[in-house]
Amino acid sequence: MKTILKNCKLVNSDKTEIYIEDGKFADKFDEKIADEVIDVNGRTVLPGLVDMHVHFREPGYEYKENIATGSAAAARGGFTSVCTMPNTNPVCDNAAVVSGIIKKANEVGLVRVYPIGAAGKNLESNELAEIGLMKEAGIVAISNDGKPIATSGFMRKVLEYSSDFDIPVLNHEEDLTISDGAMNEGEVSTSIGIRGVPTASEDIMIARDIILSEYLGIPVHICHVSTKGGLRMIREAKARGVKVTCETCPHYFTLTDKSCENYDTNFKMHPPLRTEEDRLAVIEAIKDGTVDCIVTDHAPHHQDDKEVEFSHALNGIVGLESSFALCYTYLVKPGIITMEKLLELMCYNPSNILKLGRGGMNVGDDADLAVFDLDNEFVFEKDKMLSKGRNTPFDGWKLYGQTVLTMMGGKKTYELR
Amino acid sequence: MGLKSKDLLGMKQLTPEEIMEILDTAKTMKMVITSGNKKTSHLQGKSVVTLFYENSTRTRLSFELASKYMGSTSANISASGSSVAKGESLLDTARTIDMMGTDIIVMRHPQSGAPHSIADKLNASVVNAGDGMNEHPTQALLDMLTMYERFDKFEGKKIAICGDIYHSRVVRSNAIGLAKLGANVSVYGPRTMMPIGIEKMGVTIADSVEDCVRDADAVMGLRVQLERMKSSLFPSVAEYAKFYAITPEVLKLAKPDAFLMHPGPCNHGVELPTAVYDCDQSVINKQVTNGVAVRMAVLYLLMARRNNL
């Protein structure tokens, strides 16, 4: 199978044509022997995006999302690789579940799915999960995401044991002893009478994990950072040489807790939307390199889990289909960061942290790519999403950067119609 | 004039003019309650349902009597005796009541924002009779009516509110409403019961119960809401009563003609000694009558808006 993409606009290259042969980027060949020639009309072609933090809900919660719909949503977002969090049912804390997810994802074949295993059995902070056996089955990291690795003692064990297998540890940062709320604690939560999740809850755990990482000399990756204080500590730790990396999500640089004022549960997630001060700090940290990755924390929920009282609603929003457009519209287009920088955040860095080997566009690399329309505004509509989840706060937003085409291994996984 | 919104969700949604209209209407309604013949035809041919997911004596009964005094068909439903106990969702329950031809649903719920989440989806008007820790607008309105009967303008008046601020929807509604009318609200309670950022709602946080009450025109005690506390926020009742209660000595620091309010129910000997509850300055029992008057006014004004559409 030979494919040519012509009239391409590439970042950092004057080339206008891309040649694909048997699923890999290839040297130039004659158009006459191509099976398909795709004219992308001057649109921007990027390496396929990598999201190291998604929830596909399968097994166990297929009514919210499954591997097929999650994969379709990823492809529509321009992603060719995703890492799925282990809070499924049963929990992805053993090799059998890992293998099942990979088998199903391969059958679907719309995105490369790299499972993340649980750090503790059943996502508890008591007994280590079978990290070695899960690695053999295909996990790329461990995490108890949705929950923190709660105690310092267990976190130490997790870091030490996982380092034997060279498996990165990703932690959801929350001190549950001072966190029992449904939104950011502050002026807004007080005004609308919702119990709060203080920034201190996140900051205390980030501090703990930096301390343990530095003490043990073992890397740690901080999930979805939302606070100014957390970013300040990560920046300072990196400058000191601590092996800490971190990620944030588009909602933390586009929204604040003000959005919760009307009790709309599509603005409810963990960590919660913070204040304007935190939002600006997230942007600053993206700019100065403190933030390594932008992830979606794609967390689909059924309307039955969301159309309820605010405090009862489950945490999380979908993100795969809006992420690139939000990042492009709010970071690249206003000139805050360059497209090269965005590719580091949404492709190269997550690939490097988890050693996925993705993002290459050289001859011989897997032909993973995405084509985006950066010139024309479009309206992001929840009813057009391919995810089963409709829980997006961005319905109706006018954005730039609509996905036109996604290819994984030279195969079309999404095409705008 | 009338009310702008279909629903009464909170003091946040009311303008100063709407608040004054409710208070003025309530003054008229109070004459009905104190007259020999407690029956009007304001709500004749209309229906009011109270839907309570939390316990209540005053609020529920005053809404029920208010609607009956004005001639409406009234019914009550509570979480424990309904399909809610079988796991029916709030929205399904509300829609069921709505589809029975209900004009006004008066709702109390332990979760903040619960009435907001259903109001747009119903034909009926929704009156918030207390949602979690958010608001209790008709309580604030009856408190304000009690004040309005004793001073004719709110501007520049000092209102002291002491007690469990964190869990109190009463303090939130009062703070918002009183600020809209130009009063100065001072609050005090244990720091463990003081929500972060409360000063952004236009209130002043006092340094002590004495500081809070000093020179106040009106003093309000709040119930310590033990049922909402996930863990103990103060060491003992004895300690609370000593450092945080409105004692006779504390009350003396208020202006000579100041009066004492409490939304009830009261934990005697915790936030108020019984002697204070019963003292000459206490208008706690008079507030209850105003509760009926204010709820009559709210039901009347909401129904008038429905009739005019």
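Which residues in H11(A) meet which residues in H12(A)? In this predicted model, Ser323(A), Phe324(A), Cys327(A), Tyr328(A) and Val332(A) of H11(A) meet Met339(A), Leu342(A) and Met346(A) of H12(A). Sorted by class, the residues of this contact comprise seven nonpolar, one polar and no charged.

**Helix packing**

Two packed helices are described by the angle between their axes and the distance between the axes.

| Helix pair | Residues | Axis distance | Angle |
|---|---|---|---|
| H1(A) and H2(A) | 67-76 and 95-108 | within 9 Å | roughly 55° |
| H11(A) and H12(A) | 323-332 and 339-353 | 11 Å | about 140° |

The contact brings Ile67(A), Ala68(A) and Ser71(A) of H1(A) to Ile101(A), Lys104(A), Ala105(A) and Val108(A) of H2(A), and by class it consists of five nonpolar, one polar and one charged residues.

**Backbone features in the loops of chain A**

Most residues other than glycine have a negative phi, and most peptide bonds are trans. Against that background, the peptide bond that joins Glu58(A) and Pro59(A) is cis, with omega about 5°, and Pro59(A) lies in the loop between strand E7 (49-54) and H1 of chain A. A cis peptide bond also leads from His270(A) to Pro271(A), its omega being near -10°, and Pro271(A) sits in the loop that runs between helix H8 (250-254) and helix H9 (276-287) of chain A. Asp22(A), although not a glycine, has a positive phi of about 50°, and this residue is found in the loop between strand E3 (18-21) and strand E4 (24-25) of chain A.

**The largest pocket**

The largest pocket holds about 1000 Å³ of space. Its lining is made up of 47 residues, of which Asn262(A), Tyr263(A), Asp264(A), Thr265(A) and Lys121(B) lie nearest the centre of the pocket. The elements that contribute two or more residues to this lining are helix H5 (187-192) and helix H10 (303-306) of chain A, together with helix H3 (90-98) and helix H4 (114-119) of chain B. By class, the lining of the largest pocket divides into eleven nonpolar, 17 polar and 19 charged residues.

Definitions and conventions
Residues are numbered from 1 along each chain as its sequence is written. Chains are lettered from A and ligands numbered from 1 in the order in which they are written. This is a predicted model: local features need pLDDT of at least 70, side-chain atom pairs count only at pLDDT 80 or more; totals for chains, interfaces and linings use all residues. Side-chain values use heavy atoms; hydrogens and water are left out. Axes are lines fitted to C-alpha atoms, for helices over the stretch in contact, and angles run from 0 to 180 degrees between N-to-C directions. Helices (H or I, at least four residues) and strands (E, at least two) are DSSP runs, numbered from the N terminus. Contact means heavy atoms within 4.5 Å. Ala, Val, Leu, Ile, Met, Phe, Trp, Tyr, Cys and Pro count as nonpolar, Asp, Glu, Lys and Arg as charged, and the others, Gly among them, as polar. On a 1 Å grid over the protein atoms alone, a cavity is a set of points where a 1.4 Å probe fits but cannot get out, and a pocket is an open set with protein on both sides within 12 Å along at least five of seven lines; lining residues have an atom within 4 Å of a point. Grid points are joined across faces, edges and corners, and a volume is the space filled by probe spheres set on the points.
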